[in-house]
Amino acid sequence: TFVKWLLNLMTKEHMRSLIVLNSLVVAVQKAIDNFAGFLNPHFHRLVIASCQLTGWHQNQEDNSTEGRHCRLRIKQLHQALSRGLPYHNLLNIAR
């Protein structure tokens, strides 16, 4: 239920302030780093939600320090996804 809650937060428009976004990205990244084997039912939604967060953040015109830190965190989330998810699952999602 924790992962479902995180995924719901990742898709809510009103939860996308930089502070919440940064915290959310760190939480998802830590969950992937530590529990990737248990997240199999959620791989598809995790990849889509992380791409949507990236798109939302790129549309923001914020060049503040917080914005740069958030960009770095999102990049680290994508790296965690690429390391933590089995390749055969990623290929199925890409279709």
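Thr54 has a relative accessibility of 16%, so Thr54 counts as buried. Buried means under 20% relative accessible area, exposed means over 50%, and partly exposed is in between, with a 1.4 Å probe and protein chains only. Thr54 lies in helix H3. Helices here are DSSP runs of H or I with at least four residues, strands are runs of E with at least two, and both are numbered from the N terminus.

Before going on, a word on the source. This is a predicted model, in which local features need pLDDT of at least 70 and side-chain atom pairs count only at pLDDT 80 or more, while totals for chains, interfaces and linings use all residues. Residues are numbered from 1 along each chain as its sequence is written, and side-chain values use heavy atoms, with hydrogens and water left out.

Back to Thr54. Which residues does Thr54 touch, not counting those up to four places away in sequence? They are Ile74 and His78. Contact means heavy atoms within 4.5 Å.

That brings us to the pair H3 and H4. Helix H3 covers residues 43-58, and its axis is 11 Å from that of H4, at an angle of about 160°. Axes are lines fitted to C-alpha atoms, for helices over the stretch in contact, and angles run from 0 to 180 degrees between N-to-C directions. The angle makes H3 roughly antiparallel to H4. As for the cut-offs, under 35 degrees is roughly parallel, over 145 roughly antiparallel, 65 to 115 roughly perpendicular, and the rest oblique.

The crossing of H3 and H4 is left-handed. Left-handed means that the near helix is turned anticlockwise from the far one by less than a right angle, and right-handed means clockwise. On the H3 side the contact is made by Leu46, Val47, Ser50, Cys51, Leu53, Thr54 and His57. On the H4 side the residues are Gly67, Cys70, Arg71, Ile74, Leu77, His78 and Leu81. Sorted by class, the contact of H3 with H4 has 8 nonpolar, 5 polar and 1 charged residues. Here Ala, Val, Leu, Ile, Met, Phe, Trp, Tyr, Cys and Pro count as nonpolar, Asp, Glu, Lys and Arg as charged, and the others, Gly among them, as polar.

Two members of that contact can be taken one by one. Cys70 lies in helix H4, residues 65-84. Is Cys70 buried or exposed? Its relative accessibility is 0%, so Cys70 counts as buried. Beyond its neighbours within four places in sequence, Cys70 is in contact with Leu18, Leu21, Asn22 and His57. His44 is 26 residues from Cys70 along the chain, and the two C-alpha atoms are separated by 23 Å.

Val47 is in helix H3. At 16% relative accessibility, Val47 counts as buried. Again leaving aside neighbours within four places in sequence, Val47 is in contact with Leu81, Leu85, Leu90 and Ile93. Val47 and Pro86 are 39 residues apart in sequence, and their C-alpha atoms are 12 Å apart in space.

Between H3 and H4 there is a loop, and Ser64 lies in it. Ser64 is partly exposed, at 24% relative accessibility. From Ser64 to Pro41 it is 23 residues along the chain and 36 Å between C-alpha atoms.

Next, helix H1. H1 and H3 pack at an angle of about 30°, with axes 9 Å apart. That makes H1 roughly parallel to H3. The contact is made by Leu7, Asn8, Met10 and Thr11 of H1, and by Arg45, Leu46, Ala49, Ser50, Gln52 and Leu53 of H3. These residues divide into 5 nonpolar, 4 polar and 1 charged.

H1 also meets H2. The axes of H1 and H2 come within 11 Å and cross at roughly 145°. Leu6, Leu9 and Met10 of H1 make the contact with Leu24, Ala27 and Val28 of H2. By class, this contact has 6 nonpolar residues, with no polar and no charged ones.

Gln29 is found in helix H2, residues 18-35. With a relative accessible area of 10%, Gln29 is buried. Gln29 touches Arg73, Gln76, Leu77 and Ala80, not counting residues up to four places away in sequence.

Last, the rings. How many aromatic pairs does the structure hold? The structure holds 1. The rings of Phe2 and Trp5 have their centres 6.0 Å apart and their planes at 35°, so the pair is tilted. Rings of Phe, Tyr and Trp (its six-membered ring) pair if their centres lie within 6.5 Å, and planes under 30 degrees apart count as stacked, over 60 as edge-to-face and the rest as tilted.
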